[in-house]
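Notebook open, viewer open. I'm jotting down what I look up as I go.

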Amino acid sequence: MNAADLLWLLLPLAAASGWLAARFEQKRHARHSLDLPSAYFKGLNFLLNEQPDKAIEIFIRVLEVNSDTVETHLALGNLFRRRGEVERAIRIHQNLIARPTLDKDQRSQALMELGQDYLKAGLFDRAENLFLELAEIRAHSEQALKLLLRIYQQEKEWEKAISVVRKLARVSGKNRSDMVAHFYCELAELDYARKNYSAAREHLRQALAADDKCVRASILLGDIDAREGRYRQAIESWRRIEEQDIHYLGEVAGRIADGFRHLDDEQGLYEYFQLSLKRHGGVSLALAFADVISSREGVDAAEKFIVEWLRRAPNVHGLNKLLELNLVKARDSARTDLLLLKGIIEELRGQHLGYACAQCGFRGKSLHWLCPGCNRWNTIKPVQENE
Ligand SMILES: [Zn+2]
């Protein structure tokens, strides 16, 4: 912070402390007004000599907290926190709270600030305690709950996060059951990693009960069924994505195909892809269907399908597939040419792959349910299905 900034901020403090008033009457009360101005000038001197630390110490010490200066103390603390000078912010807010003259409102406002200082300093336990207290005060409830939610998400305390989102929905009137579902999915993933499949199933059931559009729960549920050899149920779970959000069906196209193969149901596989492609279209489905045709009827039939598809909807993914199919048959010099071409197409295709956040534009190679860019749930979708 430069000296000029701080000077402006401190002017109201000086006024409120009565120094300015005293100065106007200096002639009459010369002897009584010396105390504060001298401290003020001492502080100013430190400021001008670029020793803000010492300046602040002095200002805080001499400026009494009263109803006129509380706002300024709060503003000063807030400013320090925003600039990353958290320790100073904490000192100012703690100093404020220690004053017995604060009224109830001012005290909770100062506690809210202090909680945010703690949060920024990574002192989550202390911040949590303050926000829990503030969540009970109506005027601060919504903000405190939002901040609690941030802590619990960061600390991966999903059960606490669930209860906070539900309280927040009651306070703010905004329904975030999609978030509740994601938190249950997080719990299910932990169960899954520990191979506790029945617990994972129960958490996924709760996820879908909270939000029946939760694609993530359907994917995981299918994965558990497949792992336990129940391929019919697995396919059923994955297929539910068609009704939930069609953009994600491509995520499980390969898994659905594998499921049918495990069941030795080539006919079912063929019919499923033929039908859903007709119904929904989509790049991943078309590519998966090309593989199905290729293994069932041979490379030529797959090639024919891709060419027809490309005529209707020219795209770089189909072109790449076409080259792949031709490489299977090509020999010698034709093969060399095709490989060269494929290298170029793959580079082009790279720009049309991966995942993107609809909110902040974040791009990544894997699917994140929580955007690392903007920290929102459910905003990232596969790029190739959105073009
Ligand atoms: Zn984002």
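Which residues does Arg 81 touch, not counting residues up to four places away in sequence? I find Ala 89, His 93, Glu 113, Gln 116, Asp 117 and Lys 120, where contact means heavy atoms within 4.5 Å. Arg 81 sits in helix α5 (residues 70-82); helices (H or I, at least four residues) and strands (E, at least two) are DSSP runs, numbered from the N terminus. With a relative accessible area of 7%, Arg 81 is buried. For these labels, buried means under 20% relative accessible area, exposed over 50%, and partly exposed in between (1.4 Å probe, protein chains only).

A note on what I'm looking at: this is a predicted model, where local features need pLDDT of at least 70, side-chain atom pairs count only at pLDDT 80 or more, and totals for chains, interfaces and linings use all residues. Residues are numbered from 1 along each chain as its sequence is written, and side-chain values use heavy atoms, with hydrogens and water left out.

**Zinc site**

I looked up the protein donors of the zinc ion next: they are the SG atoms of Cys 357, Cys 360, Cys 371 and Cys 374, at 2.3 to 2.4 Å. Donors here are N, O and S atoms within 2.8 Å of the metal (3.2 Å for Na, K and Ca); water is not among the atoms, so sites may look incomplete. The angles subtended by the 4 donor atoms run from 103 to 112°, so the arrangement is tetrahedral; four donors get that label if all angles lie between 85 and 135 degrees. The ideal for four tetrahedral donors is 109.5 degrees. In sequence, the donor spacing reads C-x2-C-x10-C-x2-C. Cys 357 in strand β1 (residues 355-357) and Cys 371 in the loop between β2 (363-364) and β3 (380-382) are 14 residues apart, a pair linking distant parts of the chain. Cys 357 and Cys 371 are both buried.

**Salt bridges**

How many salt bridges does the structure hold? I get 29, counting a side-chain nitrogen of Lys or Arg within 4 Å of a carboxyl oxygen of Asp or Glu.

I checked Lys 146 with Glu 142, whose closest N and O atoms are 3.4 Å apart. They are 4 residues apart in helix α9 (residues 138-154), so about one helical turn separates them. Lys 146 is partly exposed at 45% relative accessibility, and Glu 142 is partly exposed at 27%.

Then I went to Asp 291 and Lys 321, with closest N and O atoms 2.7 Å apart. Asp 291 lies in helix α18 (residues 283-297) and Lys 321 in helix α20 (residues 316-329), so this pair ties together parts 30 residues apart in sequence. Asp 291 is partly exposed at 38%, whereas Lys 321 is buried at 10%. Shared partners join Asp 291, Lys 321, Glu 324, Lys 342 and Glu 346 into one salt-bridge network.

**Positive phi**

Most residues other than glycine have a negative phi. Asp 264 has a positive phi near 55°; this residue is in the loop between α16 (249-262) and α17 (266-280) and is exposed at 73% relative accessible area. Asp 332 also shows a positive phi, about 45°. Asp 332 belongs to helix α21 and counts as exposed at 64%.

Definitions and conventions
Four donors count as tetrahedral if all angles lie between 85 and 135 degrees; four count as square planar and six as octahedral if opposite donors are over 155 degrees apart and all others between 65 and 115; anything else is irregular.
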